[in-house]
Amino acid sequence: MTTTREDQLRSIAATVNDPEIPVLSIEDLGILRDVRTEGDGVVVTITPTYSGCPAMDTIADDLRIAFREAGYADARVELTLSPAWTTDWMSQEGKGKLAAYGIAPPTGIRDGSRVRVGMSVKCPHCDSLDTREISHFGSTSCKALYVCNACHEPFDHFKVI
Amino acid sequence: MSTHDLHGSGGPHGSDAVEDEFAGVGDTVASATRVTPGHALRPEDIALSAAPADEDTATYALWLGDDALILAQRLAWWISRAPEMEEDVALGNIALDLLGHARSFLTYAAKFSGKTEDDLAYWREDTEFTNLRITEQPNGDFGATIARQLLFATYQELLYSALTSSTDETMAGIAAKALKEVAYHVDHATQWMLRLGDGTPESHERVQRGLDVMWPYVEEMFADEELTTRLAERGVAVVPSSLREEWLRRVTAVIEESTLSVPTAKAALAHSRAGDHSEHLGYLLAEMQVLARKHPGATW
């Protein structure tokens, strides 16, 4: 089996984790949009989850450091707003990691619809579907605050956008 | 955001080896609101790949950026003061979203004149700001803040929704990103309207008063300007008056379901887009700009 250079570069980029949700790589999260070579350098394109997300700064730094350690001194990180990120891009593996970490993964698919189907959010602690939202907005832009009616534990839910 | 590079020249920052290594990589002007040290990714980087706006489009971006910036500053005040802790977090998050939109719009606007987002945010006087007056009105009580959120977030949702098909790719990209976030803001405001309006007599009365206080500033959101008309002909901008009917339908539905009344107050006359503002803006800017002006180039 051969791996192309692009694959190798992508796997370097995929070692970078989200600083706020350290169990997820930026690839799991779906914010790693493109890795390509340009001359001797590398250009990585990422997209923010939310417009004001402060984690993007750290992610860009971590990407440059990861590439430098892998021998690519000239790595540039570009930000693209379009197409806008959606939780649909989060990998199944990523959703599994989120749940294991104690954050309820996004439920359902946004798929361009304005109407969000209200699906039950499963408690990541006891798997009960009997949960309720305390607040739309949580510890970071991408999360909402929930509580489980069965085990009474509060937990974060990754919002569907 | 900051106005001037701390080191004056946009050259290497500090002696840290990693910083030196990446000096100059997409980072010519430091930004004071960077949360992390090093070479942060900022809206400037967005603009690197985008062609600069023409003068009309830059002015339009400035208008929308000012709206988002001033409302973000207003809402951030609620952190530690909201009726419950979840609301500190919610209004703080909404403010952060709006600040993100403002940074993108202002960066795009600034690119035309060779400035930065920080030049525009911190070094303009009140008469140079173009935000709509509804965004600068005092927060009032929680009912007034929620009333404004309903009125303004619904407007932004319709505006950004239409702007996603702007012929200006940068404006369309910023709008598409912002739209998803604003949809949550509308939902947040709607849920509170229902709780407060259909809650106790006290909460009902206070949120109704909030609507009444904010209503005179509604008309201005839908006032057509020569600029918007010119830009709309090119498919860049949205004609504000075209949003009014759908806005009123949506807002009325929420207000009535909340057992409240749609106010009948007349429009307050002024021309915010030309720099006419209420006295409240000056005080808001004094607080927002003091640090950048007192310590030019400081980062925090």
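A: Helix α12 of chain B has a kink of about 40°, centred on B:Met288, where the bend at a residue is the angle between axes fitted to the seven residues ending there and the seven starting there. The model is predicted, with pLDDT of at least 70 needed for local features and 80 or more for side-chain atom pairs, while totals for chains, interfaces and linings use all residues. Residues are numbered from 1 along each chain as its sequence is written, and chains are lettered from A and ligands numbered from 1 in the order written.

α12(B) covers residues 280-294, and its 15 residues reach 21 Å from first C-alpha to last, close to the 21 Å expected at 1.5 Å a residue; the expected span is 1.5 Å times one less than the number of residues. Helices (H or I, at least four residues) and strands (E, at least two) are DSSP runs, numbered from the N terminus.

In this helix B:Leu281, B:Leu284, B:Leu285 and B:Ala292 are buried, a residue being buried with 20 or more other C-beta atoms within 10 Å of its own, exposed with 12 or fewer and partly exposed in between, with C-beta atoms placed from the backbone. An α-helix has 3.6 residues a turn, so residues three or four places apart point the same way. Among the elements that cover the buried residues of α12(B) are α3 (55-76), α5 (117-122) and α6 (133-136) of chain B, contact meaning C-beta atoms, placed from the backbone, within 7 Å.

Elsewhere in chain B, B:Arg81 lies in the loop between α3 and α4 (85-113), and B:Arg81 counts as exposed because 11 other C-beta atoms lie within 10 Å. From B:Arg81 to B:Arg234 there are 153 residues in sequence and 45 Å in space, C-alpha to C-alpha.

Chain A has four helices and seven strands, and 44% of its 161 residues count as buried. Its open sheet of four strands runs in the order β4-β7-β6-β5 with mixed pairing, and the edge strands, each pairing on one side only, are β4 (103-104) and β5 (131-135). Two strands pair if DSSP finds at least two bridges between them; β5(A) and β6(A) (residues 143-148) pair in the antiparallel sense over four. Within that pairing, A:Arg132 has A:Val147 of β6(A) as its bridge partner.

Conventions. Contact = placed C-beta atoms within 7 Å.
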